[in-house]
Amino acid sequence: MAIENILMPQLGESVTEGTIEKWLVKPGDTVNKYDPLAEVNTDKVTAEVPSSFAGVIKELIAQEGETLAVGAIICTIEIEGGATVEAPAAPAQVAPAHEVPAVAPQTPAASLNREKGKAAGRYSPAVLRLSQDNGIDLTLVEGSGKEGRITRKDLLAIIESGNIPTAASAPGVEVVAPVTPVTTATAPTAPAMKAAEPVNVPVTAGDIEIPVTGVRRAIASNMLRSKHEAPHAWMMIEVDVTNLVQYRDSLKNDFKQKEGFNLTYFAFFVKAVAQALKEFPMMNSMWAGDKIVLKKDINISIAVASDDALFVPVINHADEKTIKGIGREIQELAGKVRSGKLKSAEMLGGTFTVNNTGSFGSVQSMGIINYPQAAILQVESIVKRPMIMDGGMIAARDMVNLCLSLDHRVLDGLVCGQFLARVKEILEHVSADNTSVY
């Protein structure tokens, strides 16, 4: 028999860590290759970690609620064949090489905590960042993890209590000025996000308390980061889609009978956005600290809501697809979200987000940018309104508002105005004569 390690997988291009939300196995369980072992949360997705081997679960290294870096050992499994070997200890987690944490003054409590074992001093990136953002002296924290290791859950509990252990709070300690962190970054970093103060909400008879799920916490974290780091600006344009509505309505019955799914207005909007992004590539870019990355591929993220969460699956190479192809992908991705079958890989690589807020009857909204993208477009509800036409005639027209939120570090009003004007032009010229859905 041999012992093999199961590692924290990388569940996204920019994902560096994951949180064990729930173990689906326990020591002694027999598993097959690819059987799910645990549910893992990141700031982008909740996914199951499959087993890389067939065998018997030996030990669960990580605890539920613990955040570990990508590549860290989460559990061990005993498999047949080969000599039995001891699973190595999880590698020490340290701050990135370009970031040296401030030196905390030595205290009796700190010395005692260090003597409790080296494992207690192995801090994950999430623990380090959370402690630095909130001024927590980790040497004064009692860890609840394996061998006294401090977990993200430990720090969140401390932050919620409001009793932050700092060097100054240790008895009989002379406080010295901390060493300024050394950094080799070429661009200034964004100020650290300060954790929200705990809110004391009175609960009375009949109130219902809903626990915050891992998915909801990840959504909140990503939205907070977007609003904190990206200076949001907002623009709106009004589009006359009367011809589009008439064209789509003339096709929808035959299309449904032939293709087996509905031809939606949203597919026309996504296609128009993809075409305009190709003509205005700056809109398809991302902020990267000391540079702006202009993305070559046009991959449209679409917002799809389930009962308790919001997911953003991606239509890859949307500019190369027909309206029919985009419509089919929208239907398939939305179906996977609502049935719980969406894969993490299907949410990766998005470069621009289009949100169909009109499906809820909204006529005007301000979206939060899907970090680290540079913009998000809200497609509002199509409504009939009286409009003054050429010659002063008044006619009932199908009108829609397109609302754009933009990251003002990357984009300015000129290019965004030009982009919206081009989307408007494309949509207002949809007709049987010059538009094909195939």
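Guide: Strand S8 (residues 73-79) is largely enclosed by the rest of the structure, because 6 of its 7 residues are buried. Buried here means under 20% relative accessible area, whereas exposed means over 50% and partly exposed lies in between, with a 1.4 Å probe and protein chains only. The model is predicted, so local features need pLDDT of at least 70 and side-chain atom pairs count only at pLDDT 80 or more, while totals for chains, interfaces and linings use all residues. Residues are numbered from 1 along each chain as its sequence is written, and side-chain values use heavy atoms, with hydrogens and water left out.

Strands (E, at least two residues) and helices (H or I, at least four) are DSSP runs, numbered from the N terminus. Two strands pair if DSSP finds at least two bridges between them. Strand S1 (residues 2-7) runs antiparallel to S8 and is joined to it by 6 bridges; within this pairing, Ile 6 has Cys 75 of S8 as its bridge partner. Strand S6 (residues 55-60) also pairs with S8 in the antiparallel sense, over 4 bridges, and Ile 57 stands opposite Ile 77 in S8. Strands of a sheet pair through backbone hydrogen bonds, either parallel or antiparallel.

A further sheet may be described next. It is open, with 4 strands in the order S5-S4-S2-S7 and antiparallel pairing. Strands S5 (46-50) and S7 (67-69) stand at its edges; each has a single partner strand, so one side of each is left without a neighbour in the sheet. Between S2 (residues 17-23) and S4 (residues 36-41), which run antiparallel, there are 4 bridges, and Ile 20 has Val 40 in S4 as its bridge partner.

Another strand, S19 (residues 394-407), contains Asn 401. This residue counts as buried because its relative accessibility is 10%. The side chain of Asn 401 reaches the backbone oxygen of Val 363 at 2.8 Å. Leaving aside residues up to four places away in sequence, Asn 401 touches Met 236, Ile 237, Glu 238, Val 363, Gln 378, Val 379 and Glu 380, where contact means heavy atoms within 4.5 Å.

Definitions and conventions:
Polar contact = N/O pair within 3.5 Å; in protein donor to acceptor, adjacent residues only side chain to side chain.
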